[in-house]
Amino acid sequence: KSVGGSPANIVQGAARLGLKTGFLGKVAHDGMGEYILSSLQAQGIETKGIAVDRTGARNCIAVTEIISAEQSGGYATGGDAFHHGTYLRASPQGTYRYRKEPADILYSPEDVDGDMIAAAKCVMLSGTAFSQSPSREAMFKILQLARDHGTMTVLDIDYRPFGWTSKDETARCYARVMEQCDIVIGNREEFDAVEYLSMPGNKDNEKSARALLDVGVKLVIVKDGANGSTAYTSDGSVLRCGIIPTAAIKTFGSGDAYAAGLMYGILRERGLAYAMQLGTACASLALTTISCGDAMPDLQAAERHRAQHEKEMMP
């Protein structure tokens, strides 16, 4: 077993690369909650922002079946897997999710540790945390605190249909969120959900990005399967990063690894091209082991992999 879920994967990946990290969320008051806390603490991740639920709610558990390495070959694309010529979603066949009124969704505005946000250079939020209350209200409080303290805000769209009541609600909520974010990261299907009301049927990545840049987002990263990832900036620049062919054992977790590598490059001010390449290298390495959080590479391994494939990733 290992600690997973998109935000937890990203924070573990960022910590492994060498960033000083902390986590805001909620865990169950049981052995699983204790395991999550101890696991994050062992990796040097600050956990004082994690509240413990006392209502009896449980943490979500996902059981994933890995069939064989031979059936999982693909490319590291900055987000998802391109498997034997067929595009695969991040949730593969054989994933069984046990999630009913989980503890993380009970994270409330009263649980938010404002001091952590004030001290942070950046706070990254997951779209799933906006899907239900009271977690939704807690996320909006974090956004407000970040603006008050000048903390960079990043949204990983992380759209999971099972968490939302309708496509209309999803699109309206994301529209409010994105207006308050500096950076937005998502894949093509996630942007489709965001644009369900505003631009139905749109498949133009640049059009998607421009719509967000027009409302104040400074950087939009679109992960587009075998096409790699593309960055659109508020100054009008467009930067593309290619893929790394990868003999993948699994098809999930690479998007989280990409986000960790990307944010390392941005926060260390190494330049956007480097950040995207490091993210892609992290995504590639994450696909080669069976777990998620435990699969995140350290900086030495990620940098070596990036350097080896730098020419392949150049547009």
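## Helix packing and nonpolar cores

Trainee: At what angle do helix H1 and helix H8 pack?

Mentor: This is a predicted model, where local features need pLDDT of at least 70, side-chain atom pairs count only at pLDDT 80 or more, and totals for chains, interfaces and linings use all residues. Residues are numbered from 1 along each chain, and side-chain values use heavy atoms, without hydrogens and water. H1 spans residues 6–17 and H8 spans 254–267, with axes 8 Å apart (helices are DSSP runs of H or I, at least four residues; strands are E, at least two; axes are lines fitted to C-alpha atoms, with angles from 0 to 180 degrees). The packing angle is about 45°.

Trainee: Are H1 and H8 oblique or parallel?

Mentor: Under 35 degrees counts as roughly parallel, over 145 as roughly antiparallel, 65 to 115 as roughly perpendicular, and the rest as oblique. H1 and H8 are therefore oblique.

Trainee: Which residues in H8 does H1 meet?

Mentor: Contact means heavy atoms within 4.5 Å. H1 brings Ser 6, Asn 9, Ile 10, Gly 13, Ala 14 and Leu 17. Their partners in H8 are Asp 256, Ala 259, Ala 260, Gly 261 and Tyr 264.

Trainee: Which residues touch the most other members of the largest nonpolar core?

Mentor: Such a core joins buried (under 20% relative accessible area, 1.4 Å probe) Ala, Val, Leu, Ile, Met, Phe, Trp, Tyr and Cys residues through side-chain atoms within 4.5 Å. The largest has 34 residues. Those touching the most other members are Phe 130, Leu 155, Ile 157 and Val 184.

Trainee: Which element gives the most to this core?

Mentor: Contributors of two or more residues include strand E8 and helix H5. The most, 7 residues, come from H4.

Conventions: Buried < 20%, exposed > 50% of the residue type's maximum accessible area, 1.4 Å probe, protein only.
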